[in-house]
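Colleague: I have not seen this model before. Could you take me through it and tell me what stands behind each term?

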Amino acid sequence: MSTSHSISADNLCRWVDSLAGRFQVLGPVAAKRGQNVFAPIDNSAPLALDYCTTMLGPRFFIYPSVQRLCKIDRETNTYMAADPGPARTQLIFAIHPCDMHAISVLDRTFLGPNKDFYYAKRRQETYTVVLNCSRACDQGFCASMGTGPFLRLTEGFDVVMTALDGEYLLEAGSPRGQELIETAPGLQKTGRMRLYEKSRLEQQAAASFTKSLETEGLPELLMRTFEHPVYKEVADARCLGCSNCVLVCPTCFCYKMVDRVDFEAKIVERSRHWDACQDYWFAEVHDGNFRQPQQARLRQFMTHKLCTWVEQYGCFGCIGCGRCMTWCPTGIDITEMAKEIQRAPTRQLELG
Amino acid sequence: MSDGKPRIGVFKYSCCAGCEFQLIFFQKHVLETLGKVEIVFCRMLQSGGVEEGPFDVALIEGTITEQWQIEQLRKIRSVTTYVIPIGSCAVCGGVPAIKNNEQEYTIQSRVYEDTSRLTSIRAHSVDQYVPVDGYIKGCPMGERDLAEFVTSLLLGKRPEFIQYPVCVECKLQHNICVLVAYHWPCMGPVTNAGCGALCPSHDRECYGCWGPMKNAHARALANRFAKMGLSEEDICRRFTEFGEPTVEWKPGQVRRWDVVQK
Ligand code: SF4
Ligand code: SF4
Ligand code: SF4
Ligand code: SF4
Ligand code: SF4
C-alpha cells in the first residue's frame, strides 16, 4: 500500500460532494424506523457514516437481485443484451470490511474460470471505498472469520478509510483508488504514528466482539458430521424454509433463470433472480426433490458457508456479517449450530 | 385441440367472482391471445356456450361448498385435458372456508333466519375432489401465473408456476422485513409468492391471501407469533383467513389444535 493520508471530517464531506459529480455514489443512509440501507446519494448530507449494518449488503449494486440478461426475438432470431451495466460509474462509499470481503468472495465465483460477463462489467464499473469498523455490531463475528473489523484485503478494492480522533485516514488499494484520494480536499500526509494508532484501534475494535466462532478444523468437522441431529432439531422446531437467511447473505451466488414471453409469443426476455437453497423447489428436479426435508436444506446452507465453500473456492463462504441470524424470522443462528456440533460431535438423535 | 385453438371452459363455484373479473380485465393485454383460444363456456363473459365440453382447459373458480358442484366437477374432469383451479378459493379454500372453523349450523343460523333449505357442505378446494394439473394462485388470481399459463399453452410448454414463499419476492424487492424489524405478524414465510410481496412493499404485513406455500412450516411461525404476544385466537385467525382446509396451515390453527389436545 502506498503512502497514507488523513482528512478532516468536514473535508471528507466535501470530498463526497465532489465524488457525486463524477460518480453515482451509493452510501449508507437512514431508512424508516431506525434502519439503514445502501442507496444512491447526490451529496454527503444523507450519509449515515455511523451505521452498524444494513439488511442487504451493497452486493446488489454489482450483482442485482433481479437482472435482465437478454431479449430474444423469435421471429427475426435476434439477440439483444439487456443489462448494459450501470448508467454512470458507481462508487460504493463507506462499505464495511465484511461486505468488501463478501464482494471479493463473490469475485471468486463470478470472475473465476467461468467469468460472468454481467458481473464483470458491473464490478469493473464500481469503485469501492471501505470504512473500517471501530466497534463490533451485535450479531457480527467478522473477527473470527478474518474479514474484519478492519479490512484484511490487499487488493480488489479502491480506498480504505479509518476514523481516527475525528479525522479519517485514507489508504489506497488500487491505482484508481490512489487517484481518487488525490482529488480529496485538504489532504495531509500522515506519519508512522498514525498507522500505529490505527493498529491500536484495530486491536481495540477486535476485542469488542461478543460473538465468535472457532474456525480451526471446522470444515473437516462439519464434513464428518452431516448426520448430526442438530440439523433436524433446529429445522423441525424453527426453520420456515423461507430463505431470508440466504437472500440477505452477501456471498450467496445462486440464481435462477426466469423467462418471460410476450402474449404474441414473439419476444422472450430472460432475467436472473437470486435463488436460495432453503427453497423447497431449489432441489426439485425431474421426478423428485433431492433435499426434501427442511433439515437437508438448512444443512446445505450452513455447510456450504462453513465447510464445502472452502474446498470449492479456498475460503469460507461466510464473512461473519451476522445477517442470516438477524433476519431469520425465528433467529436461527449458524454459529450456535456449529458450536453444538463442536461441543458434541458424535451426539445421536434421541428417539421417542 | 381440434382446429389448433385450445378450447377453454370457465366454471364458477362459491366465491366473489373476482377471478373471473380478473380474467376479463386481463383481456386488455391479450386481445391477440383471445383470438388464439376458443372460450367454449364462460357464464360471465357470454351466455349460452357448451357446458358439457370437451375442453382442453377448464379454469375452475371458487370453493366447493355444495354437492352438485362436486358432481359437475367430476364431469368436467372427465372431459378435460387440463383442470386448473384459479384463485385462492379454488386452490386452497380461500375466504369461504373460514366457515369450517365453526359448526356448520352455528354459521348458517348467524346468516340466515331459515336454514331449512340450505344444502351447503364443508368448504373445500377443488383438488380435494378431483386431480388437478396446476394452480393459478392469488386472491384474485395473479397476473404473473396467469400470463405464464396462457403463454405456455400457446407455446406448448409446461408452465412454471411460482412455488416459493412471499419472503423471496420481498427480499428481491429489498423491503425491510416487517416481521423481524417491527414484529408485525407477517404470513410471508408460509405464503406462496406471486403478488410481488405487495403488502410488505406497502409497509404492512402479509395476511396470506395467496394461500400456503408447499411445505410451509406453519407451527414454527405460529410459535413465533405467540412469542410476539399474539393471542391464540389471533394466530388461529391468521391461519384460517385463507387456506383453512389445507394440510400446510392446519398446524398454525392453534386454538383448534388445543381443543384436540385437551
Ligand atoms: S452465512 Fe450469515 S453471517 Fe455468514 S456471511 Fe452469510 S449472512 Fe453473513
Ligand atoms: S448457501 Fe445456498 S444459495 Fe447460497 S451459494 Fe450456497 S447453495 Fe447457493
Ligand atoms: S434459517 Fe431462518 S431465514 Fe433461513 S429458511 Fe430457516 S427460518 Fe427462514
Ligand atoms: S416482511 Fe414478511 S414477506 Fe417480507 S421477508 Fe419479512 S416475513 Fe417475509
Ligand atoms: S403480500 Fe400476502 S396478503 Fe398481500 S397480496 Fe401478497 S400474498 Fe396477499
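Colleague: How many salt bridges does the rule find across the interface of chain B and chain A?

Modeller: The rule finds three there. It asks for a side-chain nitrogen of Lys or Arg within 4 Å of a carboxyl oxygen of Asp or Glu.

Colleague: What makes the pair Lys32(A) and Asp203(B) a salt bridge?

Modeller: The N to O distance between their side chains is 3.6 Å. The limit is 4 Å, so the pair counts.

Colleague: What kind of model is this, and how are its parts labelled?

Modeller: The model is predicted: local features need pLDDT of at least 70 and side-chain atom pairs count only at pLDDT 80 or more, while totals for chains, interfaces and linings use all residues. Residues are numbered from 1 along each chain as its sequence is written, chains are lettered from A and ligands numbered from 1 in the order in which they are written, and side-chain values use heavy atoms, with hydrogens and water left out.

Colleague: How many residues of chain B are in contact with chain A?

Modeller: 40 residues of chain B are in contact with 44 residues of chain A, contact being heavy atoms within 4.5 Å. The two chains bury about 3,500 Å² between them, 64% of it on carbon and sulfur atoms. That is the accessible area (1.4 Å probe) that two parts lose on being put together, summed over both. On the chain B side, Lys171(B), Leu172(B) and His174(B) lose the most area to chain A, together 18% of what that side buries.

Colleague: Why are β2 and β5 of chain B said to stand at the edges?

Modeller: The open sheet has four strands in the order β2-β1-β3-β5 (chain B), with parallel pairing. β2 (38-42) and β5 (80-86) of chain B each have a single partner strand, so one side of each is left without a neighbour in the sheet. From one strand to the next the twist averages 20°. Strands are DSSP runs (E, at least two residues), as are helices (H or I, at least four), numbered from the N terminus.

Colleague: How do you know that β1 and β3 of chain B pair?

Modeller: Two strands pair if DSSP finds at least two bridges between them. Strand β1 (residues 7-12) and strand β3 (residues 55-61) of chain B have five, in the parallel sense, so they meet the definition. Lys12(B) has Glu61(B) in β3(B) as its bridge partner.

Colleague: Which strands of chain A pair with β12(A)?

Modeller: Strand β4 (residues 66-73) of chain A is joined to strand β12 (residues 267-274) by seven bridges and runs antiparallel to it. Strand β11 (residues 255-261) of chain A also pairs with β12(A) in the antiparallel sense over seven bridges. Within β12(A), Val268(A) is the bridge partner of Ile72(A), and Arg270(A) stands opposite Asp259(A). β11(A) and β12(A) form a hairpin with five residues between them.

Colleague: What makes the peptide bond from Gly53(B) to Pro54(B) cis?

Modeller: Its omega is near 0°. Pro54(B) is in the loop between β2 and β3 of chain B. The bond from Cys139(B) to Pro140(B) is also cis, with omega near 0°.

Colleague: How many residues in the shell around ligand 1 are nonpolar?

Modeller: Eight are nonpolar, two polar and two charged. Ala, Val, Leu, Ile, Met, Phe, Trp, Tyr, Cys and Pro count as nonpolar, Asp, Glu, Lys and Arg as charged, and the others, Gly among them, as polar. Lys305(A) and Arg323(A) are in the shell, so they count as charged. A residue belongs there if one of its heavy atoms lies within 4 Å of the ligand.

Methods: Axes are lines fitted to C-alpha atoms, for helices over the stretch in contact, and angles run from 0 to 180 degrees between N-to-C directions.
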